[in-house]
Amino acid sequence: MPGHKGKAIKDFDLFALDVTELPQTDNLLSPKSAIKKAEELAADAYGAGSTVFLTCGSSAGVLAMMLYIGGGKVIVSRDCHISAINGIALAGIDPIFVFPSDGNMISAVDLIEKIDRHPGMPVFVTYPNSYGQCFDIESVAKSCKANGSVLFVDEAHGAHFAFDKGFPISSGEAGASFWVQSAHKTMPALNQASFLHMAQKESLQKMMKCVSMVHSTSPSFPIMLTMDLARDYFTKNKGQIESWIDTCIKICEDINDIEGIACNRFGKGVFDFDRTRLCINTAGRGVSGYDAQKHLMNCGIQPEMANAEGVVLITSPLCLNFRKKLLSALNNLQSGSIRVGNERLMPKPQKAIGIREAMLMEQNAIPYEKVKAGMIAGRAVGLYPPGLPLLVPGEILDDDCIGYLDYYIRKGHEIFGMDDGAFAYIGNDVLINSK
């Protein structure tokens, strides 16, 4: 990321365009002319009833969707981004979490089981995940419709899905009512560029109230310009999009011919996946993803993230000439002696108190090395990237959570939510006995 890969699809003077709300520039939070027209073009491209431009990232869209729900119980896939946890706290939502199962994937079967058990309850899911992996969202959307549940989707990593059948189905086409996408991840738009879509035009007025609560009143006009340009580029360059998909498929095949290295080989829990996202497993060479990432960076290739087993590369149609460099780097990756096990399954910590209540309570901090099972988390804690919470505020730190964190800390993975290595907790000591 970002998807422009440092290349502008149209030259412009950044500072000349960095203006404020003027009669000729329009107002993002109350559009009537240029911005409104650009949003209508985006809605048409994505098959939405209405679309809102966001220049504060998809995080703002997730917060707005949570405020739109407005409290109560909500079914939430636990592979959600930290912004979803913040939105839950802001809106006073009581989440019913669905945890990943096979291969840390969210299961459509598990989601549907929860939807059937709680008809009419709003549903919030992440699709695809940070690895480009997808569950069967069409079946989930059908279940929502049958049960009278509204489907909200964080599709931050799938802004490109709507533009070619070679991608997984977009959540909008699948039947979602609301979905947010990060244009900057795979499209030639500046960082923080996001689209917030609504299936029905009637939802726009209420959603704009929610957006205005979390979005800057000084939006970036250069970001909005690149969003319009990115939409135009993807709409008019179908051949380039197809070439992007084909190139990535061929690169993946070439990688799979390299001894000890595999690309986009997933378990049975993955229903579909994004062919333009390269998930490269180096475990067969005895090399962890963290070491592979260092090697690739030394070769001039910047992975999006790494884990114990491998690295993830996010590609773009604006950068298709990386094949030779990548294959050379992988062929020259020296075999190691590290025994790389499978990624640890995410634990399922128990709730002690609500997220909003926990976030607003007085908290203490302790060096992580001194934590004890039974402490109640005061902050969300998890792996970054991708920014998914292992613990949310109000949940109990148990032995499984400690083991999970210990494993990734030893591997060198960055942990968010622990400033200077300190764990924030509620209360004076161990409040809950770990089971």
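This report looks at the protein chain as a whole and then at a few of its residues.

The model is predicted, so local features need pLDDT of at least 70 and side-chain atom pairs count only at pLDDT 80 or more, while totals for chains, interfaces and linings use all residues. Residues are numbered from 1 along each chain as its sequence is written, and side-chain values use heavy atoms, leaving out hydrogens and water.

## The whole chain

Let's start with the big picture. The protein chain has 15 helices and 19 strands; helices (H or I, at least four residues) and strands (E, at least two) are DSSP runs, numbered from the N terminus. Along the principal axes, its C-alpha atoms fill a box of roughly 60 × 55 × 45 Å. The radius of gyration of the protein chain is 22 Å, which agrees with the value near 22 Å for a compact globule of 435 residues. That quantity is taken over C-alpha atoms, and the globule rule is 2.2 Å times the number of residues to the power 0.38.

Of the 435 residues, 56% are buried. Buried means under 20% relative accessible area, exposed over 50%, and partly exposed in between (1.4 Å probe, protein chains only).

## A look at H197

Where is H197 placed? This residue belongs to strand β8 (residues 194-198). H197 counts as buried because its relative accessibility is 0%. Its side chain makes a polar contact with the side chain of T51 at 2.8 Å. A polar contact is a pair of N or O atoms within 3.5 Å; within protein, one must be able to donate a hydrogen and the other to accept it, and residues adjacent in sequence count only if both atoms are side-chain atoms. Leaving aside neighbours within four places in sequence, H197 also has contacts (heavy atoms within 4.5 Å) with residues including Y46, S177 and W179.

Most residues other than glycine have a negative phi, and most peptide bonds are trans.

| Residue | Phi |
|---|---|
| Q192 | near 80° |
| N264 | about 55° |

Q192 sits in the loop between α8 (183-186) and β8, and N264 in the loop between β9 (262-263) and β10 (272-273). Are they buried or partly exposed? Q192 counts as partly exposed because its relative accessibility is 42%, whereas N264, at 9%, counts as buried.

The peptide bond from Y127 to P128 is cis, with omega near -10°. P128 is in the loop between β4 (123-126) and β5 (133-134).
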